Amino acid sequence: MDKKIQMVAIVVVIAVVAAAAVFFISSQKEDPRILLDGALEVYGNADNNWTVDNSDADFVQSIVDGKTVWNKNENPYADANHDGKVDSADVTQIKDLAKNNAKTVWIKDGVGTEMEVKCKPQRIYAFQVQNAELATIMGYGDKIVAGGPPIQYYEPYLFPGNPNDVQYFSGDYERFSELNLDLYLVFAPTQIATPTEKLPNVDVVYLGLYYPRIADMESSVFAQGILKAGYIFGDKERAEGYLNFLLDLRDEINSYVKDIPDADRPEVLVSQLSNTYYSSEDVKTVVAYTKNDAVSQAVALAGGKNVARDLPNYDSETSYAQRPELEWLDTVDIDYTTVHFQRYAWTGLDQNSPEGGYTATDSKGMYDWISTIAGRPLLDIDEDNIIMLPQENRNGSHGSILTAAYLFQAFYPDIAKKNHFDPDKYMKEFVTKWLGISNYDYAAHKDAMIAWGARPTND
Ligand SMILES: [Ca+2]
Ligand SMILES: [Ca+2]
């Protein structure tokens, strides 16, 4: 064999080996997406990526074997059982976490507090719909023994076969102490302190779903919270799959709108029904949600511009809304408005708010409100462009990504149609696959999921 042919043969062999390696890697790992930019705050995630797996076990084993020196500051999560040292017990805990077999898991919660949480909780208190939804997504709807007041309206959908006589209340700590809870899921950071103090034997956990941060969700406490739930509920693959579903949908919407020039984007007032000029002519203010708000983020993802952007504190990280006087409406041009409403309030059923969302089948109430709002004398917003948003669109477990899917269709119906983009396809997947609601007649609910004057409906 002359040198040239020999060289070609070697190159071919290398190419075949390389191709085989690529195939092997891709077949080993179906989804190469990075779900988190920073380190997943689960002890056992020794290498600071977004998951706990055998790579972490190998890394910690090399520390145990003396081949690697543990730097506590650089790899804090290598101490999987959080006892201050790294030894073979940490390797065992990491392997258990990776196999969904761990008894407990050490995490940092949504505000960075280190805590040990019992895995596979059997008695759960869920405050607010997003926590009830998340427990259901993770297959634990039937382990909910009590919930904050609005959850009873979701019971027929989220956990119809729940064997517990589920109680609905909040704030009564004597009653809580009789529930023998394993896990108390908190909705917002301000609600952590009291139950933590009053229920010392219960894992009071704030996961972080309150802050989706759609634009950089991979850096958000929301994404951390979904993934942490995977370890607490002992099904990390399902949690990762759910976050992946949301991120894929976000990226698809973004791909359609990212090149739309700023001047061509609609001006949107992100508002609510309750206690505003929308709900009553006697209320001489509106609510204008600002950048920090989840629906505002959904509007941005869907290619809309927020008309509140020149209001004071628009960029505030701590507030999420302003309440300008009606005169302010004369200073802005509004193409669309979103109208968030909560029929299922923590104070009880708000009869003034219409039915809507995946629990509803009747959309008439929302369209009646659209006509009413369009008729307000001091408003100049096309009836077609008034968007009624049922509560799960702002406070639900999907972090308002599905809200953005509908908003994109409302803002850019032609682009959505051209790309065969159907938000109901994703909502159906959310309801039937992720929430896992069985025997759900999607067609019967479809028109009530959300409403705007120009929304294409079944008939
Ligand atoms: Ca890892
Ligand atoms: Ca340890």
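1. Which residues does Thr403 touch, not counting residues up to four places away in sequence? In this predicted model, and with those sequence neighbours set aside, Thr403 touches Val295, Ala298, Leu389 and Asn393. Thr403 has its place in helix H13, which covers residues 401–411. The residue counts as buried because 30 other C-beta atoms lie within 10 Å, where 20 or more are needed for that label.

2. The protein chain has 16 helices and 16 strands. Its radius of gyration is 25 Å, close to the 23 Å that the globule rule gives for 459 residues, so the chain is as compact as a globular protein of that length. Along its principal axes, the C-alpha trace spans about 85 × 75 × 45 Å. Buried residues make up 45% of the 459 residues, and, among contacts between residues at least 6 apart in sequence, 61% join residues at least 24 apart.

3. The protein chain is divided into two parts, domain 1 (118–234) and domain 2 (260–452). The centres of domain 1 and domain 2, taken over C-alpha atoms, are separated by 26 Å. Where the domains meet, 21 residues of domain 1 are in contact with 23 residues of domain 2. On the side of domain 1 that touches domain 2, helix H4 (129–137) and helix H5 (155–158) each supply at least two residues, and the largest share, six residues, comes from H4. Sorted by class, this side of domain 1 has 15 nonpolar, four polar and two charged residues.

4. The largest nonpolar core has 126 residues, of which Leu185, Met388 and Ala404 touch the most other members. Helix H13 gives the most to this core, with nine residues, and the core draws at least three residues from each of domain 1 (118–234) and domain 2 (260–452). As for Leu185, leaving aside its neighbours within four places in sequence, this residue is in contact with Ile124, Tyr125, Ala126, Phe127, Asn131, Val205 and Leu207.

5. A reader may then turn to one of the sheets. An open sheet of five strands has the order S5-S4-S3-S6-S7, with parallel pairing. Strand S5 (167–168) and strand S7 (203–206) stand at the edges, each with a single partner strand, so one side of each is left without a neighbour in the sheet. In general, strands of a sheet pair through backbone hydrogen bonds, either parallel or antiparallel.

6. The pairings within this sheet can be followed residue by residue. Strand S3 (residues 124–126) and strand S6 (residues 183–186) run parallel and are joined by three bridges; Tyr125 has Tyr184 in S6 as its bridge partner. Strands S6 and S7 also run parallel, and four bridges join them, while Val186 stands opposite Tyr206 in S7.

7. How are the side directions arranged along S7, and are its named residues buried or exposed? From S7, Asp203 and Val205 point one way, whereas Val204 and Tyr206 point the other way, and all of these residues are buried. One of them, Val205, is also among the contacts of Leu185.

Conventions: Residues are numbered from 1 along each chain as its sequence is written. Chains are lettered from A and ligands numbered from 1 in the order in which they are written. This is a predicted model: local features need pLDDT of at least 70, side-chain atom pairs count only at pLDDT 80 or more; totals for chains, interfaces and linings use all residues. Domain bounds come from an automatic or database domain assignment. Two residues are in contact if their C-beta atoms, placed from the backbone, lie within 7 Å. Ala, Val, Leu, Ile, Met, Phe, Trp, Tyr, Cys and Pro count as nonpolar, Asp, Glu, Lys and Arg as charged, and the others, Gly among them, as polar. The radius of gyration is taken over C-alpha atoms; the globule rule is 2.2 Å times the number of residues to the power 0.38. A residue is buried if 20 or more other C-beta atoms lie within 10 Å of its own, exposed if 12 or fewer, and partly exposed in between; C-beta atoms are placed from the backbone. A nonpolar core is a set of buried Ala, Val, Leu, Ile, Met, Phe, Trp, Tyr and Cys residues joined through C-beta atoms within 7 Å. Two strands pair if DSSP finds at least two bridges between them.
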